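Let's take a friendly walk through a protein fold, one piece at a time. Have the picture ready and follow along as we go.

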Amino acid sequence: MRIPHARWGGNGPNAELHDGGRPDVERGGATLLLLALGLVFVLVGTFGAAVTAAGLAAQRAAVAADLGALAGAARALDGDAVACASAADIAHRNAGRLVDCLLDGLDVLVTVEVAFTPLPGLTRVAASTARAGPVRG
């Protein structure tokens, strides 16, 4: 079967013709729509992963600070150097870095930072402070 050359228009011999010989200009529109929808899903997923990473880092910093304060309070009678060294060791074992340690009587106040990477090439820090000491009544 031979197609007359006059009906091809300017889009080549493989263009589909509709409405009296005009080429279909909307061909491939669904593909672009699906690609845009896929990009939206990727961006939402990336944002969700970044928010989740920040939440996990904040929780990890809080746990490291709590445990570091408890470890420091257990050694508070030995002096601030020993108490803070114990707090730093526990904070380090929980993926944290002891930023500040203060011995106030038998109470120990520690601040711990945890570094995290929410997106490739972007590093942030989550910090938490905790206090531990004997029960007062």
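Let's begin with a pair of strands: S3 and S4 run antiparallel to each other and are joined by 7 bridges. Within this pair, Cys101 stands opposite Val110 in S4. Keep in mind that what you see is a predicted model.

In general, the strands of a sheet pair through backbone hydrogen bonds, in either a parallel or an antiparallel way. What is the order of the strands in the open sheet of 3 strands? The order is S3-S4-S5, with antiparallel pairing. Strand S3 (97-104) and S5 are the edge strands, each pairing on one side only. From one strand to the next, the twist averages 15 degrees.

Now for the helices. Helix H1 (residues 29-74) packs on the sheet and touches S4 and S5. Helix H2 (residues 80-93) lies across S3 and S4. The table lists the angles that involve these helices.

| Pair | Angle |
|---|---|
| H1 and S4 | about 160 degrees |
| H2 and S3 | about 150 degrees |
| H1 and H2 | about 150 degrees |

Two packed helices are described by the angle between their axes and the distance between the axes. For H1 and H2, the axes are 7 Å apart. How do H1 and H2 run relative to each other, roughly parallel or roughly antiparallel? An angle over 145 degrees counts as roughly antiparallel, and H1 and H2 are therefore roughly antiparallel to each other. Their crossing is right-handed.

Which residues meet where the helices touch? From H1 come Ala64, Leu67, Gly68, Ala71 and Gly72, and from H2 come Ala83, Ser86, Ala87, Ile90 and Ala91. Sorted by class, this contact has 7 nonpolar, 3 polar and no charged residues.

Finally, let's step back to the whole protein. Its secondary structure comes to 2 helices and 5 strands, and along the sequence they follow the pattern β-β-α-α-β-β-β. Of the 137 residues, 20% are buried. Among contacts between residues at least 6 apart in sequence, 41% join residues at least 24 apart.

Notes. Residues numbered from 1 in each chain as written. Predicted model: local features only at pLDDT ≥ 70, side-chain atom pairs only at ≥ 80, totals over all residues. Heavy atoms only, no water. Pairing = 2+ DSSP bridges. Helix = DSSP H or I, 4+ residues; strand = E, 2+ residues; numbered from the N terminus. Axes fitted to C-alpha atoms, helices over the stretch in contact; angles between N-to-C directions. Contact = heavy atoms within 4.5 Å. Parallel < 35°, antiparallel > 145°, perpendicular 65-115°, else oblique. Left-handed = near helix turned anticlockwise from the far one by under 90°. Nonpolar A, V, L, I, M, F, W, Y, C, P; charged D, E, K, R; others polar. Buried < 20%, exposed > 50% of the residue type's maximum accessible area, 1.4 Å probe, protein only.
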